[in-house]
Amino acid sequence: HNDENHQVLELMYPHPLRRQKTQAIKAGEIGIVILGVKEVGSIRVGDTITDARNPTKEPVGEYAPAKPFVFAGLYPIDTDEFESVRDALDKLKLNDSSLSYEPETSVALGFGFRVGFLGMLHMEVVKERLEREFNLDLIATAPSVIYKVYKTDGTMIEVQNPSELPEPQTIEKIEEPYVRATVIVPTDYLGNVITLLTNKRGMQEKMEYLNETRVMLIYVMPMNEIVVDFYDKLKSTSKGYASFDYDPIEFRQGDLVKLDVRVAGDVVDALSVIVPRTSADMRGRALVTNMKEIVPRQLFEVAIQASIGNRVIARETVKSMGKNVTAKCYGGDISRKRKLLDKQKEGKKRMKAIGKVQLPQEAFMSVLKMD
């Protein structure tokens with residue numbers, strides 16, 4: 001598939017007792033070809049190997065490579081470990097060909113990688129393996145999917161990260177991927193599951209009773225709605241009895257906006273998400289409420305805001321830690337205490353202007369807990 005030439009070092013036939021060397025392998029035969037390939041990624045499953053001097057005209061129909069459905073950012077907590085993360089991903093890809101990744105940068109998190117996964121479970125397993133097998137401390141951002149953004153100048157770009165979304169005035173329309181979801185659920189939990197699918201913007205295509213106790217539901221729904229917590233909620237609403245499968249079908253236009261989170265006035269691009277306009281206000285309030293419990297208290301007040309463009313739709317304030325500056329004032333004129341308190345107030349204003357807020361790892365996963 002990449003037109004590379006390699007020298008054939010040995011040809012053999014497989015044998016249960018001892019491999020048999022040969023000078024040629026012909027059509028229809030099963031054999032072993034030993035090449036001087038430096039990188040395993042040069043050859044993929046289902047590729048066609050042919051004679052460079054007398055190549056075949058058409059390659060044999062190959063297996064389709066695994067396509068990632070979920071994209072998330074992986075960033076090392078220690079920025080000096082960037083190369084270690086790259087080496088770890090290279091090694092992990094040797095026995096997991098479905099993994100795909102590319103470098104990216106974030107204003108809040110520094111240098112990291114945009115990693116493609118087959119699903120949420122695959123993402124959790126890969127992150128766990130990187131931390132356990134390679135002794136890495138990682139921050140994982142909220143998963144997202146690929147969007148097709150059509151601009152007013154007629155061009156189309158694919159956006160994986162919400163921070164890559166162009167300015168609203170330059171966007172003509174945004175298309176998001178849709179999937180056909182198949183859910184098999186016991187009749188006792190049918191109402192709960194239909195409510196969940198409807199809340200996730202699902203549209204019913206088919207409902208079929210397989211027998212007296214089981215129902216098959218087929219829904220078309222946006223993929224963005226199932227990559228975060230859909231499977232967990234499906235299991236909890238059906239007490240673990242519902243099964244779920246999906247296939248990607250097409251891209252469809254949606255009324256979508258980018259929801260930004262501002263901490264102390266600065267936009268944290270790693271917390272930005274693309275959401276439907278109709279639920280943006282609700283999700284913004286839920287997100288800042290979660291963030292308020294996570295962001296540590298500082299010596300100055302910290303404002304946490306959710307905004308769409310320049311319009312703030314929700315706000316919470318993390319109260320400042322207060323030092324009792326009047327503790328040593330026993331009695332005396334009240335003006336002395338007020339002078340100390342006013343001095344403290346001015347100091348907090350000055351600190352707020354230059355202060356930086358360090359966000360803990362839980363803050364970047366709070367996007368997953370919006371209910």
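I looked up E175 and found it buried, with a relative accessible area of 13% (buried means under 20%, exposed over 50% and partly exposed in between, with a 1.4 Å probe and protein chains only). The model is predicted: local features need pLDDT of at least 70, side-chain atom pairs count only at pLDDT 80 or more, and totals for chains, interfaces and linings use all residues. Residues are numbered from 1 along each chain as its sequence is written, and side-chain values use heavy atoms, with hydrogens and water left out.

**Entry 1. E175 and the strands around it**

I placed E175 in strand β10; helices (H or I, at least four residues) and strands (E, at least two) are DSSP runs, numbered from the N terminus. I then listed what E175 touches, leaving aside neighbours within four places in sequence: the contacts are Y147, K148, Y150, F251, R252 and Q253 (contact means heavy atoms within 4.5 Å). Of these, K148 stands opposite E175 in β10.

I next followed the pairing of β8, where two strands pair if DSSP finds at least two bridges between them. Strand β8 (residues 147–151) is joined to β9 by four bridges, and the two run antiparallel. β8 is also joined to β10 by four bridges, again antiparallel. In β9, I found V159 as the bridge partner of Y147. β8 and β9 form a hairpin with four residues between them, and G154 in the turn has a positive phi of about 95 degrees.

**Entry 2. Q160**

I located Q160 in the loop between β9 (156–159) and β10 (171–186). Q160 and Y147 are 13 residues apart in sequence, yet I read 6.5 Å between their C-alpha atoms. Neighbours within four places in sequence aside, Q160 is in contact with F71, E102, R114, S144, V145 and I146.

**Entry 3. Two helix pairs**

Two packed helices are described by the angle between their axes and the distance between the axes. I took axes as lines fitted to C-alpha atoms, for helices over the stretch in contact, with angles from 0 to 180 degrees between N-to-C directions.

For helix α1 (residues 82–94) and helix α2 (residues 120–134), the axes come within 11 Å and cross at roughly 115 degrees. That makes α1 roughly perpendicular to α2; angles under 35 degrees count as roughly parallel, over 145 as roughly antiparallel, 65 to 115 as roughly perpendicular and the rest as oblique. I noted the crossing of α1 and α2 as right-handed (left-handed if the near helix is turned anticlockwise from the far one by less than a right angle, right-handed if clockwise). On α1 the contact is made by A88, L89, K91 and L92, and on α2 by V126, R129, L130 and F134. These residues divide into six nonpolar, no polar and two charged; Ala, Val, Leu, Ile, Met, Phe, Trp, Tyr, Cys and Pro count as nonpolar, Asp, Glu, Lys and Arg as charged, and the others, Gly among them, as polar.

For α3 and helix α4 (residues 230–237), I read axes that come within 9 Å and cross at roughly 160 degrees. That makes α3 roughly antiparallel to α4. The crossing of α3 past α4 is right-handed. N192, V193, L196 and L197 of α3 meet F230, K233, L234 and T237 of α4. By class, I recorded five nonpolar, two polar and one charged residues in this contact.

Most residues other than glycine have a negative phi. N135 is found in the loop between α2 and β7 (138–140), and I found it exposed, with a relative accessible area of 62%.

R201 also has a positive phi, near 65 degrees. I placed R201 in the loop between α3 (190–199) and β11 (203–209). At 25% relative accessibility, R201 counts as partly exposed.

**Entry 4. A three-stranded sheet**

I traced an open sheet of three strands in the order β2-β1-β3, with antiparallel pairing. Its edge strands are β2 (20–21) and β3 (32–35), each pairing on one side only. Strand β1 (residues 8–13) pairs with β2 over two bridges in the antiparallel sense, and I found K21 in β2 as the bridge partner of M12.

**Entry 5. Whole chain**

I counted seven helices and 18 strands in the protein chain. Buried residues make up 38% of its 371 residues. Of the contacts with a separation of 6 or more, 61% are between residues 24 or more positions apart.
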